[in-house]
Amino acid sequence: MGQLCGRCMQLLRDFVAFVQRMSSDLLHSIKECLTLIIKCSCLKQGSSKARQLYKPVLQPHERVTAQEFLQHIERGFEMSPLGKDPLEALRTLAFSENPGLQQSAALYYLHMSQHMNIPLPAEHLEPFYALLRSADLEVQQMSSLSLVNFLLEGNIDKELVVQMGLLEPILDLLESEDPTVQCNSCACTMTLAVSESNRDAIGAARGVTPLLSLANSYDPRVQQNAVGAILNLTQSERIQQVLCKEGALPVLIFLLESPDSEVQYYSCAALSNIAVNAQHHEAMLRTGERFLLRVLTSLLSSPVDKVSSQACVCLRNLATSADTQAEMVSQDVLPKLCSLLASGSEAVRRASVALLWILSQHPRNQDALVCAELLQSLGMLLSAHTTDPVIAGHAACIIKNLSLSKNRERIIESPCVEGLLQAVLSIDIREDSLHYVTSCLAELTKQEGATLRMVQRMDEPLTKCLVRLAGQVEHTEPSFQAASIILHMIDHEKMMRLLKCHIREIQAYLENFLTHQEIRFQQLGISTFCRLQADPEFSLAFRKSQMPKLLEQVRQQTEETQELLRAALCHTES
């Protein structure tokens with residue numbers, strides 16, 4: 001190890017002095033301490049703390065161990081702090097009935113957890129069992145804190161902690177009356193619950209009930225860690241069932257109004273996880289006469305990005321029925337979502353556009369969604385974040401859903417068309433969202449007004465991009481949709497002029513379409529050929545190519561198919 005800093009050296013000096021005093025005056029100090037404890041009125045409240053009256057005696061082997069341990073510390077950690085000798089000493093001290101010796105072991109572990117970023121061997125977990133079970137409050141505080149530190153730094157395997165039998169004492173400490181111990185044990189449970197197998201173990205050990213109790217704690221540290229532990233537990237569907245049975249829904253729902261943004265976020269994220277399972281929706285919405293929808297809608301305006309983002313996610317998971325969606329729209333959720341689309345947070349933008357996509361799927365909501373403010377926000381979102389595949393894909397799906405409504409003219413007049421065209425230029429062909437963008441544009445080109453607007457925006461880079469996409473037949477949907485967009489714009493003089501710069505590429509993809517196994521590609525290829533054939537330059541190029549031969553093959557195949565169909569129909573009629 002490297003040389004200790006001045007602060008750590010002072011800590012060690014203080015610790016050495018403490019152990020030296022303990023070794024010489026331990027029995028006297030214990031007598032004085034026990035005298036004061038006996039006189040305290042807290043012992044008269046019950047017999048649960050009777051073991052504190054036990055007068056510990058310093059056994060000879062414990063005294064020797066303490067002296068050896070003291071010598072080890074005085075050497076300034078020249079030996080490995082995780083070696084065999086320190087481990088044996090720690091075991092003796094930890095399993096001692098003397099609280100002073102246990103404090104020495106707990107303090108040693110605490111120092112290691114704060115100043116050493118190295119993995120803790122499995123055998124070093126054994127003393128923790130005795131330390132966590134100690135009747136001494138300071139030992140509980142220090143040992144639980146050191147365990148938290150080791151877990152957070154990744155210096156202890158989470159599954160190993162449970163395998164070594166430490167889960168039971170950790171969960172027992174949840175019922176401590178000391179806020180520090182509660183806070184530390186909740187933090188341990190929260191960290192352990194990251195593991196799937198540990199979540200099942202916590203549920204089997206009935207750790208849910210004390211966590212729900214501590215979620216209502218007046219200590220903000222305890223409450224944060226308790227709700228954080230519940231959040232991690234909700235990643236298990238089986239534990240979700242246990243949580244709902246134990247009454248977690250009202251607790252989590254009312255914590256959404258906590259003044260602590262961390263508690264708001266944890267409880268909202270936990271509810272989002274539970275809402276993934278539709279069987280819980282009725283119970284979630286029934287609590288407080290559909291209070292959940294109202295408070296989630298209000299959280300959309302939270303100044304904390306992760307809270308507003310998680311509120312969007314929770315509403316999206318709940319919006320599985322038309323009635324729930326209609327209720328969301330009636331609670332003025334749309335203006336809030338419009339504001340979130342312009343957020344500086346990527347997570348907020350993505351979550352809000354995903355919720356809008358869900359709401360746009362139902363015809364009952366589409367008229368409300370086709371408003372100038374929302375379309376303006378969508379168009380600006382697309383233009384500002386054309387390289388974000390999540391935003392482009394969801395926005396394209398929203399626009400396509402809304403284009404099926406009677407108010408499609410508003411979409412054509414909005415900035416959405418320009419935003420979609422810019423997205424085509426920016427999104428990688430391997431992204432699924434490109435399919436949604438090209439599909440939306442192909443649907444819009446069926447409307448003459450949208451086609452005219454798109455032709456006005458067409459230029460050489462965009463034309464080249466569409467032709468290139470059409471030629472990449474291995475990407476089936478983007479290829480087909482790009483070719484459909486080109487077909488609907490061919491009749492416009494500007495578009496024909498732009499396409500003439502790409503005669504060879506267009507001819508190549510049309511030949512691929514005519515030999516494609518899917519009939520829709522063949523039909524699209526023939527339709528495009530007929531439109532382009534009217535232009536002399538395209539006509540000349542086609543005559544010199546394989547196009548006539550390929551068209552003849554398609555004709556023969558079609559005739560053979562017709563003959564087979566006639567034979568099949570005749571057989572059916574007879």
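Biologist: Which residues of helix 32 and helix 33 meet?

Modeller: This is a predicted model, and in it Ile506, Tyr509, Leu510, Phe513 and Leu514 of helix 32 touch Phe521, Gln522, Leu524, Gly525, Ile526, Thr528, Phe529 and Leu532 of helix 33. Sorted by class, that contact holds 10 nonpolar residues, 3 polar and no charged ones.

Biologist: How do I read the angle between helix 32 and helix 33, and what is it here?

Modeller: Angles over 145 degrees count as roughly antiparallel, and 65 to 115 as roughly perpendicular. The two axes here cross at roughly 140° and come within 7 Å, so helix 32 and helix 33 are oblique to each other. The crossing is left-handed.

Biologist: And helix 30 with helix 33, at what angle do their axes cross?

Modeller: Roughly 25°, with the axes coming within 10 Å. Angles under 35 degrees count as roughly parallel, so that's what helix 30 and helix 33 are. This crossing is left-handed too.

Biologist: Which residues make that contact?

Modeller: From helix 30 (residues 476-489), you've got Thr476, Glu477, Ser479, Phe480, Ala483, Ser484 and Leu487. Helix 33 brings Arg520, Phe521, Leu524, Ser527, Thr528 and Arg531. The tally is 5 nonpolar, 5 polar and 3 charged residues. Phe521, Leu524 and Thr528 of helix 33 take part in both contacts.

Conventions
Residues are numbered from 1 along each chain as its sequence is written. This is a predicted model: local features need pLDDT of at least 70, side-chain atom pairs count only at pLDDT 80 or more; totals for chains, interfaces and linings use all residues. Side-chain values use heavy atoms; hydrogens and water are left out. Axes are lines fitted to C-alpha atoms, for helices over the stretch in contact, and angles run from 0 to 180 degrees between N-to-C directions. Helices (H or I, at least four residues) and strands (E, at least two) are DSSP runs, numbered from the N terminus. A crossing is left-handed if the near helix is turned anticlockwise from the far one by less than a right angle, and right-handed if clockwise. Contact means heavy atoms within 4.5 Å. Ala, Val, Leu, Ile, Met, Phe, Trp, Tyr, Cys and Pro count as nonpolar, Asp, Glu, Lys and Arg as charged, and the others, Gly among them, as polar.
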